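Here's a quick briefing to read with the model open beside you. Have a look at the two chains first, then work through the notes below.

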Amino acid sequence: MKIFSKLSFKSFAVFGTAALLASSAYALSWYDCQPICQQNATNAYNQSYTYYATQQTNYCNSLTDPSAKSACLAGVQAYATQQATNVYNQAYNGCMNSCSHV
Amino acid sequence: MRHTVLAVMLASCLVPMAAHAAPAPAPCDLLDQQMLTALNLADAATKVEHKAIAATAQAPANRLDMCTFTPRVGTGSSLSVMRLPLAKKVPPGKPICTDNSAEKFGLATCNVTFKDSILTVSLVSRRAGFETLNAALRSNFERLFTPGR
């Protein structure tokens with residue numbers, strides 16, 4: 001009984017220390033990754049917004065029908081914002097996923 | 001009492017099944033399975049959004065209908081379809097595609113006027129593999145939306 005108690009305590013101590021180390025490592029890596037990934041995603045947002053806004057404006061201006069051109073140009077900002085937000089989310093999630101699993 | 005509980009349990013199972021069985025709303029339906037398969041999005045999750053567009057001096061208030069396809073596993077690429085309704089019919093146009101690659105990701109977009117709307121299909125992909133997906137986007141977009149095909 002005495003031996004069993006000693007072993008149990010030893011096992012518990014080893015397991016507990018390993019779990020603590022593992023959880024600390026995960027927390028540290030998440031906090032390391034988060035600002036990097038946020039910055040990456042912000043860069044991706046800005047680059048993609050410029051692309052979407054420019055590309056869509058060029059397309060709208062190529063339309064020969066005046067009302068279609070006006071309607072198209074009126075939607076450029078909403079479209080570019082929505083698309084760039086999708087890119088932000090994709091970049092952020094992809095970065096966090098690869099970063100915190102290294 | 002037991003029947004009531006069973007009925008509630010059955011209803012709670014059937015409601016999500018009915019929602020799952022309902023067809024994906026437009027504009028998701030504008031793309032076909034062949035195109036989604038070519039872009040590795042055959043089993044993608046879809047998300048539909050509507051954005052209001054305020055009236056301007058040149059154009060009345062309008063709205064954007066958007067559908068985004070994202071992979072259920074991983075974050076490799078995504079595809080979105082945007083439809084902007086037009087007040088009057090315009091002649092169908094020729095598809096126009098552009099692309100732009102950044103350091104870590106590639107962006108590609110195809111536009112066309114189609115059935116009283118402007119359609120824009122956009123691909124976002126990791127830089128690795130972007131060229132293949134971009135080629136698939138262009139060929140499938142032309143197949144689906146070139147007038148007379």
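Of the 102 residues in chain A, 29% are buried, where buried means that 20 or more other C-beta atoms, placed from the backbone, lie within 10 Å of the residue's own. Keep in mind that this is a predicted model: local features need pLDDT of at least 70, side-chain atom pairs count only at pLDDT 80 or more, and totals for chains, interfaces and linings use all residues. Residues are numbered from 1 along each chain as its sequence is written, while chains are lettered from A and ligands numbered from 1 in the order in which they are written.

**Chain A**
- Chain A has three helices and zero strands, counting DSSP runs of H or I with at least four residues as helices and runs of E with at least two as strands, numbered from the N terminus.
- Going along the sequence, you get the pattern α-α-α.
- Take the chain A contacts (C-beta atoms, placed from the backbone, within 7 Å) between residues at least 6 apart in sequence: 74% of them join residues at least 24 apart.

**Where A meets B**
- Chain A puts 26 residues into the contact and chain B puts in 32 residues.
- On the chain A side, α1 (2–62), α2 (66–74) and α3 (76–99) each supply at least two residues.
- The most comes from α3(A), with eleven residues.
- By class, the side of chain A that touches chain B has eleven nonpolar, 14 polar and one charged residues; nonpolar covers Ala, Val, Leu, Ile, Met, Phe, Trp, Tyr, Cys and Pro, charged covers Asp, Glu, Lys and Arg, and the others, Gly among them, are polar.

**Strands of chain B**
- Seven of the nine residues of strand β2 (residues 62–70) of chain B are buried, so the rest of the structure largely encloses it.
- Strand β1 (residues 45–53) of chain B runs antiparallel to β2(B), joined by nine bridges; strands count as paired if DSSP finds at least two bridges between them.
- I53(B) sits opposite N62(B) in that pairing.
- β2(B) also pairs antiparallel with strand β3 (residues 77–85) of chain B, over five bridges, and here C67(B) stands opposite V81(B).
- Six residues separate β2(B) and β3(B) in their hairpin, and G74(B) in the turn has a positive phi of about 80 degrees.

**Helix α3 of chain B**
- Buried residues in α3(B) are F130(B), L133(B), N134(B), L137(B), N140(B), F141(B) and F145(B).
- They cover an arc of only 140 degrees around the axis, so they lie on the same side of α3(B); the arc is taken from the directions from the helix axis to the C-beta atoms.
- Their cover includes α2 (33–38), β3, β4 (96–101), β5 (105–114) and β6 (117–126) of chain B.

Terms used: A residue is buried if 20 or more other C-beta atoms lie within 10 Å of its own, exposed if 12 or fewer, and partly exposed in between; C-beta atoms are placed from the backbone. Two residues are in contact if their C-beta atoms, placed from the backbone, lie within 7 Å.
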